[in-house]
Amino acid sequence: MSWFKPSNIALAFAGFAAFASAAQHNVTVGKGGQLKFDPENFMAQPGDTVTYKFFAKNHAVAQSAFNTPCQLQPNGIFSGFTPNTSPDVEAPTTFTITINDTKPLWFYCPQTNGNHCQSGMVHSINAPSTGNTIDAYRAKAQQAATPSTPPAGTLPAGGLRKLHIDVGFNGNLVFNPNNVTELAGTILEFEYNPANHSIVQSSFDKPCQPLDGGGFAAPFFATQKSPSGVTFEVAVKDDKPIWFYCAQTAKTHCQAGMVGSVNAAASGDKTFSAFVSLAAKAPPSTIPPNTPLVGTLKVNGAVVNNVGGDVLNSTTGGLDPGMVTNVPPPGANYDPQVGGMAGGNQPADYGWAPSITNEGVEILQVLEYISNALVAFLFEGFVKLSEGAWNGIYPLSITHTLGSLTAQALIHRKTYSDSLQHYSKPTVSPCQYQSTADSVDDWLSDIQKILALSIGAKVDTMALAAQNDSWLIPALATELGSESRMSAVINMMQAHFAATAPREALIPFQLAYSYIANKYVVQNSCADQSNLTAFGVVFPALVVKESTSSPDGGRLLSIKVELPSAGGPTDRWIAWIGAWGGVLYSPVDKDGVAAVPDSLSGHVWAVLTTAKDLKARDIEKAAVAGPEMIWTTQQWVA
């Protein structure tokens with residue numbers, strides 16, 4: 001019997017856990033000149049997204065109640081009208097909604113020229129197969145009064161309206177499209193293409209020069225990939241004209257006609273063609289010294305808040321392989337792009353004490369050792385998700401989050417290297433690492449283990465530092481929240497609940513070191529191998545040969561572990577290290593079987609020991625093998 005039964009909160013967590021595998025549905029609107037949505041009906045789950053793609057002539061997506069088709073319901077979803085002259089080529093503007101539940105949704109096209117809704121141009125999501133079906137909804141629409149609502153000019157609501165603009169379309173000096181009319185609330189998504197372009201807002205009167213008073217600007221980015229994965233987004237705030245250009249001076253892009261407009265007048269003195277003519281006679285182009293401005297720069301979905309100038313250097317948002325092995329000296333920051341992805345840089349003042357104890361040095365060195373592995377594994381996975389073998393597995397929002405986690409891990413590691421260098425103590429160089437991750441799921445498992453070790457070792461080392469190196473406490477404690485959030489994200493990507501314990505586990509730093517050295521580090525690959533023995537013994541891996549779960553699969557009941565060869569103490573226990581303050585022991589029989597205490601929840605660490613009833617801090621003194629992370633149960637079951 002569980003303490004908790006399913007609730008709205010539990011179901012909300014479950015929905016978030018499943019988000020990583022949410023489906024993307026595409027619906028064409030009016031393709032082939034037909035008054036039709038395709039597909040007309042389909043089933044979708046919470047978290048799924050639906051993107052509408054528009055064709056000739058001028059369609060929109062509007063939500064109604066089942067009984068009142070052709071009339072926009074209060075607070076209903078509406079895409080805005082999207083004109084397109086082609087029956088076969090989709091408009092550059094799309095509209096995307098997110099499904100919140102499995103209730104039926106009813107949609108129609110409100111175009112009154114030809115009465116599209118009354119002509120049967122309707123659509124549904126999650127419509128039932130009997131009763132209120134899509135056919136029944138269509139029949140009601142065909143009898144509905146005219147005119148349909150809302151009228152042209154109504155602003156979009158309930159979804160994301162996005163206009164995609166190619167920068168350097170087909171290798172040419174052009175924005176495509178370069179002259180459009182758009183509704184307020186639309187997001188302009190500029191995507192970089194070869195070879196080296198920028199996006200800068202100007203006034204009509206001064207093309208090729210940044211807008212006085214602050215407009216949007218995105219940096220130069222050189223690429224030979226199309227699509228490059230680098231985008232810049234800016235919102236249309238109203239119906240006033242927007243003018244923009246590429247500031248590349250090689251081949252004078254702006255003066256050569258690489259300019260664009262949104263909501264320019266169709267006639268008069270300030271048309272798009274008049275802007276092109278002015279640009280052709282403009283002085284050399286310029287760009288603001290620091291970008292991006294106003295809009296959002298993304299690299300494979302990861303937001304980059306600052307590139308430290310007017311040039312973006314990497315398709316991984318400023319993260320490059322050299323950062324895994326090269327640590328900047330104290331006082332030197334990483335590239336501003338890294339701080340932008342992380343949400344901030346290292347502190348300006350660590351509050352260093354006049355001196356540091358030998359124990360304090362050991363703490364910083366072992367944490368740097370663990371952090372080196374975390375940085376290496378996070379970077380490897382982020383690159384694969386951004387532009388490698390795993391590209392496209394997760395939504396861009398997930399890739400964005402993992403990029404931020406990677407940048408945060410770099411910032412954390414600099415805490416240890418900065419402090420060691422400040423006291424003129426040796427830093428710990430990264431080793432070579434072996435990954436067993438053949439899939440993204442295996443990689444997530446590795447990241448979760450290294451994160452848990454890092455968190456647990458910090459809890460341990462903060463207790464050790466409290467007496468003689470207390471300045472370390474705020475430096476380490478303020479990292480715990482970030483790493484716990486990282487762990488929560490990884491938990492949910494693994495379809496586990498984010499919060500499985502009221503406190504973090506304390507892992508003796510010697511056991512954390514042992515696990516990483518034994519499982520992930522290539523033997524004899526560390527440059528300062530002789531100094532690492534001070535961190536403790538490298539214990540053999542705890543090999544779980546079998547496990548037994550409850551009939552419903554919700555709880556782990558027992559495990560069977562591989563016992564050491566003959567010799568040594570015959571009495572052995574499994575030490576179960578859970579949330580801080582909770583260490584439980586269960587005896588191991590002659591076959592290696594140990595029961596799993598029924599009070600455990602979520603991830604715990606198991607260590608094979610020759611003694612019981614030890615505090616967590618002292619377990620490494622009696623350890624024989626381990627630790628090993630084990631998932632014990634999910635409490636939120638019926």
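1. Helices here are DSSP runs of H or I with at least four residues, strands are E runs of at least two, and both are numbered from the N terminus. Helix α7 covers residues 396–422 and helix α9 covers residues 472–493; their axes come within 11 Å and cross at roughly 155°. For the axes, lines are fitted to C-alpha atoms, for helices over the stretch in contact, and angles between N-to-C directions run from 0 to 180 degrees. That angle makes α7 roughly antiparallel to α9, since over 145 degrees counts as roughly antiparallel, under 35 as roughly parallel, 65 to 115 as roughly perpendicular and the rest as oblique.

2. A word on what you're looking at: this is a predicted model, in which local features need pLDDT of at least 70 and side-chain atom pairs count only at pLDDT 80 or more, while totals for chains, interfaces and linings use all residues. Residues are numbered from 1 along each chain as its sequence is written, and side-chain values use heavy atoms, with hydrogens and water left out.

3. Which residues of α7 and α9 make the contact? On the α7 side they include Ile398, Leu402, Leu405, His412 and Tyr416, and on the α9 side they include Leu476, Glu479, Met486, Val489 and Met493. Contact means heavy atoms within 4.5 Å.

4. Gly481 is also in helix α9. Gly481 is partly exposed, at 32% relative accessible area; on this scale buried is under 20%, exposed is over 50% and partly exposed lies in between, using a 1.4 Å probe and protein chains only. The C-alpha atoms of Gly481 and Ile455 are 9.4 Å apart, although 26 residues separate the two along the chain.

5. Now the wider view. The protein has 11 helices and 29 strands. Of its 638 residues, 52% are buried. Among contacts with a separation of 6 or more, 74% are between residues 24 or more positions apart.

6. What sits in the largest nonpolar core? This core has 111 residues, and Phe175, Phe190, Ile199, Tyr369, Trp443 and Ile516 touch the most other members. A nonpolar core is a set of buried Ala, Val, Leu, Ile, Met, Phe, Trp, Tyr and Cys residues joined through side-chain atoms within 4.5 Å. Helix α6 (residues 358–387) gives the most to this core, with 16 residues. A second, separate core has 19 residues, including Val27, Val50, Leu105 and Phe107.

7. With 30 residues, α6 reaches 43 Å from its first C-alpha to its last, close to the 44 Å expected at 1.5 Å a residue; the expected span is 1.5 Å times one less than the number of residues. Of those 30 residues, 23 are buried, so α6 is largely enclosed by the rest of the structure.

8. Helix α8 (residues 440–465) has 26 residues and spans 37 Å from first C-alpha to last, close to the expected 38 Å. Here 22 of the 26 residues are buried, so α8 too is largely enclosed by the rest of the structure. It packs with helix α10 (residues 509–519) at about 150°, with axes 8 Å apart. That makes α8 roughly antiparallel to α10, and the crossing is left-handed. Among the residues in contact are Ile450, Leu453 and Leu464 of α8, plus Phe509, Tyr515 and Ile516 of α10.

9. Is Gln346 buried or exposed? At 10% relative accessibility, Gln346 counts as buried. This residue is in the loop between α5 (336–342) and α6. Leaving aside neighbours within four places in sequence, Gln346 contacts Ala332, Asn333, Ile411, Lys414 and Asp418.

10. Finally, some backbone details to check. Most residues other than glycine have a negative phi, and most peptide bonds are trans. The Asp38 to Pro39 bond is cis, with omega near 0°, and Pro39 is in the loop between β2 (37–38) and β3 (41–42). The Ser226 to Pro227 bond is also cis, with omega near 0°. Lys251 has a positive phi, near 65°, and is exposed at 70% relative accessible area. Val294 has a positive phi near 70° and counts as exposed at 60%.

Key. Left-handed = near helix turned anticlockwise from the far one by under 90°.
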